[in-house]
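Hi everyone, thanks for making time for this. I'd like to walk you through one model today, so let me put it up on the screen.

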Amino acid sequence: MQSGFTLGRLAGIRIKIDWSWLLIFAFLTWNLGVAFGQMHPGWTIALRWSMALIASFLFFIAVLAHELAHSLVAQAQGVPVRSITLFLFGGVSDIQKEPPSPRAEFLITIVGPITSVVLGIILALAGGFLAGSAAFTPGQTTSILSQFSPLVTLLLWLGSINILVGLFNLIPGFPLDGGRLVRSILWAITDDLRRATHSASILGQAIAWLMILSGIAMFFGIQIPFFGAGILNGIWLAFIGWFLYNASVQSYRQVVVQDLLEDVPVTRLMRLNPPTVTADQSVGELVHDRLMATDERAFPVVDDGRFLGLITLEDIRSVDKNAWATTTAREIMTPVASLVTMNVNEDASTAINKLRQQDVRQLPVMEDGRLTGLIRRRDILKWLQLQTAN
Ligand SMILES: [Zn+2]
């Protein structure tokens with residue numbers, strides 16, 4: 001889910017579109033165009049396809065509303081949200097860390113399906129109301145459906161699809177919303193987030209397999225309750241199951257990583273006495289004497305034993321090459337006050353969480369305000385490889 005483009009910002013949250021979303025948008029529009037054609041033989045081709053386009057567009061606005069509901073409640077609960085991405089399987093919110101409590105996770109999660117279902121009911125009721133007040137031609141032999149106006153058709157379809165989206169997300173397969181609700185409840189009961197995640201992801205994998213097998217059964221023409229039958233629907237359900245399975249396994253792996261790193265002191269994995277630079281050193285010196293002379297990508301700035309800040313490869317890259325001789329380390333470093341740091345008595349699982357949250361490669365490890373080392377992402381990965389080799 002890397003490639004795509006940013007649509008804009010809503011409430012400080014970046015709204016992104018992944019390229020794979022264009023595929024599902026085209027697929028949905030095509031399906032709707034065909035369905036509208038069968039339902040309404042009287043519609044012109046232009047009307048049929050423009051209605052299909054409008055309907056899929058509004059559907060994705062509704063998906064966005066579902067994700068926005070998660071994100072806004074997350075922010076209200078003190079959990080930062082960086083972005084919302086629309087992709088092949090709908091929407092996903094990039095929520096930066098685990099919720100602070102089971103109650104917070106429950107609230108953040110439940111608002112998504114509630115938004116979809118309530119929106120769906122309102123739209124369906126509006127459609128039903130308009131359909132009821134319209135006069136039908138008596139004695140018509142064609143189905144009632146074909147007499148619905150474009151607006152009524154749109155409202156009824158959007159209404160029912162949003163209710164479906166809400167219900168689908170309540171399937172208890174972690175990391176679907178339903179699975180997250182299960183996790184928050186297990187978490188509240190056991191007071192152990194790791195164990196709760198583990199159980200929820202095992203349940204998620206079981207449900208994913210059920211979806212894959214149901215999809216295969218549908219492919220071969222067997223009727224599955226709620227999902228029906230059919231080759232395309234079967235492939236689609238199996239595909240979603242496969243995606244859910246991967247997501248569940250991944251969240252389980254995160255639990256394993258947490259377990260392996262818990263109680264491992266950060267001091268055992270950190271790099272002691274990393275090469276440092278002084279505040280008045282020029283960027284040019286830094287590049288030649290440190291960056292190119294070692295295989296480090298980050299250098300603590302230390303003056304008279306005082307830790308002042310950190311310089312990374314990215315900081316150096318932001319300096320124009322012509323200014324290397326005249327720019328000092330102090331000017332481009334991230335000062336210690338703006339750095340997230342580790343304490344010597346914290347463990348490696350805290351380190352990996354901080355590294356992930358900050359999206360950085362290393363963190364300074366401090367003792368009584370003094371720098372004792374750097375904990376780097378690759379050192380933790382090396383340790384993990386050692387633990388998981390059979
Ligand atoms: Zn959701």
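Let's start with a pair of helices: α6 and α7 cross in the left-handed sense. Before I go on, please keep in mind that this is a predicted model. Two packed helices are described by the angle between their axes and the distance between the axes. Here, α6 covers residues 193–219 and α7 covers residues 231–261, and their axes come within 7 Å, crossing at roughly 160°. An angle over 145° counts as roughly antiparallel, and that makes α6 roughly antiparallel to α7. What sits in the contact between α6 and α7, by class? There are 18 nonpolar, 13 polar and two charged residues.

Let me stay with α7 for a moment. Which residues of α7 are buried? They are Gly-234, Leu-237, Ala-238, Ile-240, Gly-241, Leu-244, Ala-247, Ser-248 and Leu-261. As you look at that list, remember that an α-helix has 3.6 residues a turn, so residues three or four places apart point the same way. Following α7 comes Asp-263, and its phi is positive, near 70°.

Now for another helix pair. Helix α1 runs over residues 19–39 and α2 over residues 45–76; the axes come within 8 Å of each other and cross at roughly 135°. The two helices, α1 and α2, are therefore oblique to each other. As for handedness, α1 passes α2 in a right-handed crossing.

On to the strands. Strands of a sheet pair through backbone hydrogen bonds, either parallel or antiparallel, and we get to see both here. Take β1, residues 4–10, and β2, residues 13–18: these run antiparallel and are joined by six bridges. Leu-10 faces Ile-13 of β2. Between these two strands is a hairpin of two residues, where Ala-11 takes a positive phi near 50°.

How do β2 and β3 run, parallel or antiparallel? They run parallel, with four bridges between them. Lys-16, for one, has Thr-85 in β3 as its bridge partner. Then β3, residues 81–87, pairs in the antiparallel sense with β4, residues 90–95, over six bridges. In that pairing, Val-81 stands opposite Ile-95 of β4, and a hairpin of two residues takes the chain from β3 to β4.

Let me come back to Leu-10, which belongs to strand β1. Is Leu-10 exposed, partly exposed or buried? With 14 other C-beta atoms within 10 Å, Leu-10 is partly exposed; the cut-off for buried is 20 or more. One more number on this residue: the C-alpha atoms of Leu-10 and Ser-83 are separated by 9.4 Å, although the two residues are 73 apart along the chain.

Last stop, further along the chain. Here we have an open sheet of three strands in the order β6-β7-β8, paired antiparallel. At the edges are β6, residues 298–303, and β8, residues 334–335, each pairing on one side only. Strand β7 is residues 306–312, and two bridges link it to β8 in the antiparallel sense. Leu-310 is the residue that stands opposite Thr-334 in β8.

Note on methods: Residues are numbered from 1 along each chain as its sequence is written. This is a predicted model: local features need pLDDT of at least 70, side-chain atom pairs count only at pLDDT 80 or more; totals for chains, interfaces and linings use all residues. Axes are lines fitted to C-alpha atoms, for helices over the stretch in contact, and angles run from 0 to 180 degrees between N-to-C directions. Angles under 35 degrees count as roughly parallel, over 145 as roughly antiparallel, 65 to 115 as roughly perpendicular and the rest as oblique. A crossing is left-handed if the near helix is turned anticlockwise from the far one by less than a right angle, and right-handed if clockwise. Ala, Val, Leu, Ile, Met, Phe, Trp, Tyr, Cys and Pro count as nonpolar, Asp, Glu, Lys and Arg as charged, and the others, Gly among them, as polar. Two strands pair if DSSP finds at least two bridges between them. A residue is buried if 20 or more other C-beta atoms lie within 10 Å of its own, exposed if 12 or fewer, and partly exposed in between; C-beta atoms are placed from the backbone.
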